[in-house]
Amino acid sequence: MDKDVLSKREFETLSHFRYQLRRFLRFSEEVTHNYDVTHLQYLLLLHIKGYQGREWATIGELAERLQAHHHGVVSLVSRCEKLGLVYREQGKADRREVEVHLTPKGEKTVENLARLHRDELLKLQGIFQVPGIQDLKGDGATEKATPEQSA
């Protein structure tokens, strides 16, 4: 069989993956709407809270995480600022940068929404393969097994 021709099974696998992904995204859209934020606003809050090593992120870092244009993220941050979810500070290390921080309201919102998203991902375990899903369980299963343990 030609390597460039996809098999029926490959189409089925890709279709199933996209279906599960879309179901999760639809869940996210619905649950964020219940909290009076958009899906993108939730993602912004999540990426600020989840930024590795600190509790804030720059506009540029958020643009990368959201795979969006810088000016689009500036607008998104402005909308979240008007809702009282985030605030901006001038960069401490580089005064040309803008740091985006969560407000207490933003912290509470992202905590509630992230918990719902985590629970939904855990329900999909075995159906929708999520890299690092063991990190969501909070049971210490994130440590790598030694060769003796995995034997």
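Phenylalanine 11 lies in helix H1, which covers residues 8–34. The model is a predicted one. Phenylalanine 11 has a relative accessibility of 48% and therefore counts as partly exposed, since that class lies between 20% and 50%. Together with Leu6 and Leu14, Phe11 makes a nonpolar surface patch of about 290 Å².

The chain as a whole holds five helices and three strands. Their order from the N terminus is α-α-β-α-α-β-β-α. The chain has 151 residues, of which 27% count as buried. Its accessible surface comes to about 10600 Å², and carbon and sulfur atoms account for 53% of this area. Of the contacts between residues at least 6 apart in sequence, 42% join residues at least 24 apart.

Helix H4 spans residues 70–82 and has 13 residues. From first C-alpha to last it reaches 19 Å, close to the expected 18 Å. Four of its residues are named as buried: Val73, Leu76, Val77 and Cys80. Viewed down the axis of H4, the buried residues fall within an arc of 100 degrees, so they line one face of the helix. In an α-helix there are 3.6 residues a turn, so residues three or four places apart point the same way.

Glycine 84 follows H4 and has a positive phi, near 80 degrees.

Conventions
Residues are numbered from 1 along each chain as its sequence is written. This is a predicted model: local features need pLDDT of at least 70, side-chain atom pairs count only at pLDDT 80 or more; totals for chains, interfaces and linings use all residues. Side-chain values use heavy atoms; hydrogens and water are left out. Patches are made of residues with over 30% relative accessible area and no salt bridge: like charges are joined within 9 Å, nonpolar side chains (Val, Leu, Ile, Met, Phe, Trp, Tyr) within 5 Å. Accessible areas come from the Shrake-Rupley method with a 1.4 Å probe; for residues, only the protein chains shown count as cover. A salt bridge is a side-chain nitrogen of Lys or Arg within 4 Å of a carboxyl oxygen of Asp or Glu. Helices (H or I, at least four residues) and strands (E, at least two) are DSSP runs, numbered from the N terminus. Buried means under 20% relative accessible area, exposed over 50%, partly exposed in between (1.4 Å probe, protein chains only). The expected span of a helix is 1.5 Å times one less than its number of residues. The arc is that of the directions from the helix axis to the C-beta atoms. Contact means heavy atoms within 4.5 Å.
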